[in-house]
Amino acid sequence: WCNMATLYLSPQSCRRRKMRNRVVMGTVRIALQPHVESVTGNQDTSHPYYDVARHGILQVTGDDNYGRKLVIFSSCLMPPSHQLNHHHLLQYLMYTLDQYVESDYTVVYFHHGLRSCNKPSLHWLRNAYREFDRKYKKNLKALYVVHPTNFIRIIWNIFQPLISHKFGKKLTYVNYLSELRDHLSWDQLIIPPDVLRHDERLQAAQKGGLHPSSKTPPPRPPLPTQQFGVSLQYIAEKNQGVMIPPVMSQTVAYLKDNGLQTEGIFRRSARVQLIKDVQKLYNQGKPVMFEQYGDIHVPAVILKTFLRELPEPLLTFPLYHQIQDLVVPGVESSLRVTTCKHILERLPEHNYMVLKYLLCFLNMVSQQSIINKMSPSNLACVFGVNLSWPSQGSVSLTSLTPLNIFTEILIEHYHTVFSSRCPQAEPRYQPRYHLIPALVPAPIPPDTSPGTSPDTT
């Protein structure tokens, strides 16, 4: 148990227990998801997963730097064994992962805090060993073991002969939290205070004080052609008042022509170095030709990365808490579309137009869901955390439900939600109303929505 990685080790042939099929099938996942939100908010203590979810042991918090869903397991939040039903813990792990294993995902395991008083038994480990089969390993792209002990390294070496070389390359030991900055968005991490204090003690114990990698260099001023990590207003000002950022219009245009029928579009990641190279080209103002990469998932990941690296989310910080209220008691399902429409009316004009452009495209993607398997619900799971997050901290597992519901409504009911606009506030920035960037060799359409005819403007 001391090594979370062992949960993903399995022999060549694994049998699934019958209990799993009764507990964590997809139909149950859909039925339970709204209740997980309520029980973690201490509103429904009768929920079968309440005894596990309330501790916050497992969190799903946005994406890593490469567009992969980020799953965090914190050992220090596990209560003593007599206070936690470990059978429910296993079911809850599988229930949560079942929502994301069809897409590429990353696991961060905080090992600190696992002690003899709270670690599960060997019998539990044996059951977990059997249950976590290839379904869970296939799309796991990276496993970060934070603050590993010598014992955990020994255990890994013992099991290494049973592990494929391909899976072994997914494991990365992280001795200090600062080392995660190279792989993950620091702002999206949910790190327990006990882990933070432990990391500070480890760094202080090093000769010379803080670990060298913890020293963050001063930020560089953005380039005039910068696309990633700068605001929508900055991009518009540097691109002659173009409202839709070039990186967004180009990725959407390419995916619209080539990717609408790609199965699992937006669920897969691309080569890390390739994504960095494309980002560099955009930031330097150089042309990007997606055809030369031969991978339809490159522009898909670039689009998600652009949204994720905005200094303020496209839906803005003030709207985050309003979105969270979407599933509280008192808001009927029939009124949610109207509620979503009212929420969007509070957006600045520039954000609204960019969001409308994006959601029109996602609606087009969802219309091909029979082929590409990306329904409004699946797209919402991918894009929700890239459209909204809190100004402090990150999106917790309990906050995903209303965020995903909100995004799903925007996609599925696009034509109703964006049918008219009655802004309640002046736009933050009044650019010249060019809608497609000048470096896209195409006529400038009169509307921001991809595929909209002039007669409907």
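**Ground rules.** I number residues from 1 along each chain as its sequence is written, and I use side-chain values from heavy atoms, with hydrogens and water left out. Because the model is predicted, local features need pLDDT of at least 70 and side-chain atom pairs count only at pLDDT 80 or more, while totals for chains, interfaces and linings use all residues.

**Entry 1, the cores.** I began with nonpolar cores, meaning sets of buried Ala, Val, Leu, Ile, Met, Phe, Trp, Tyr and Cys residues joined through side-chain atoms within 4.5 Å. Buried here is under 20% relative accessible area, exposed is over 50%, and partly exposed is in between (1.4 Å probe, protein chains only). The largest core has 107 residues, and Phe-266, Leu-344 and Leu-355 have the most contacts inside it. Helix α16 (residues 349-366) gives the most to this core, with 12 residues. I take helices as DSSP runs of H or I, at least four residues, numbered from the N terminus. I also found a second, separate core of 15 residues, with Ile-72, Cys-76, Val-174 and Leu-184 among them.

Where does Phe-266 sit? I found Phe-266 in the loop between α11 and α12. Its relative accessible area is 1%, so Phe-266 is buried. Although not a glycine, Phe-266 has a positive phi of about 80 degrees. Beyond four places in sequence, Phe-266 touches residues including Leu-255, Phe-361 and Phe-383 (contact means heavy atoms within 4.5 Å).

I looked next at α11 (residues 246-258), which has 13 residues. From first C-alpha to last, α11 reaches 18 Å, close to the 18 Å expected at 1.5 Å a residue (the expected span is 1.5 Å times one less than the number of residues). The buried residues of α11 include Met-248, Tyr-254 and Leu-255. Those buried residues pack against α10 (232-238), α12 (272-283), α13 (297-308) and α16.

Which residues meet where α13 packs on α18? Leu-303, Lys-304, Leu-307 and Arg-308 in α13 meet Val-382, Phe-383, Asn-386 and Leu-387 in α18.

I checked Thr-96 in helix α4 (residues 86-97). Thr-96 counts as buried because its relative accessibility is 1%. Leaving aside neighbours within four places, Thr-96 is in contact with Leu-58, Val-60 and Leu-397. Thr-316 lies in the loop between α13 and α14 (320-324). Thr-316 is buried too, at 3% relative accessible area, and has a positive phi of about 70 degrees although it is not a glycine.

Note on methods
Helices (H or I, at least four residues) and strands (E, at least two) are DSSP runs, numbered from the N terminus.
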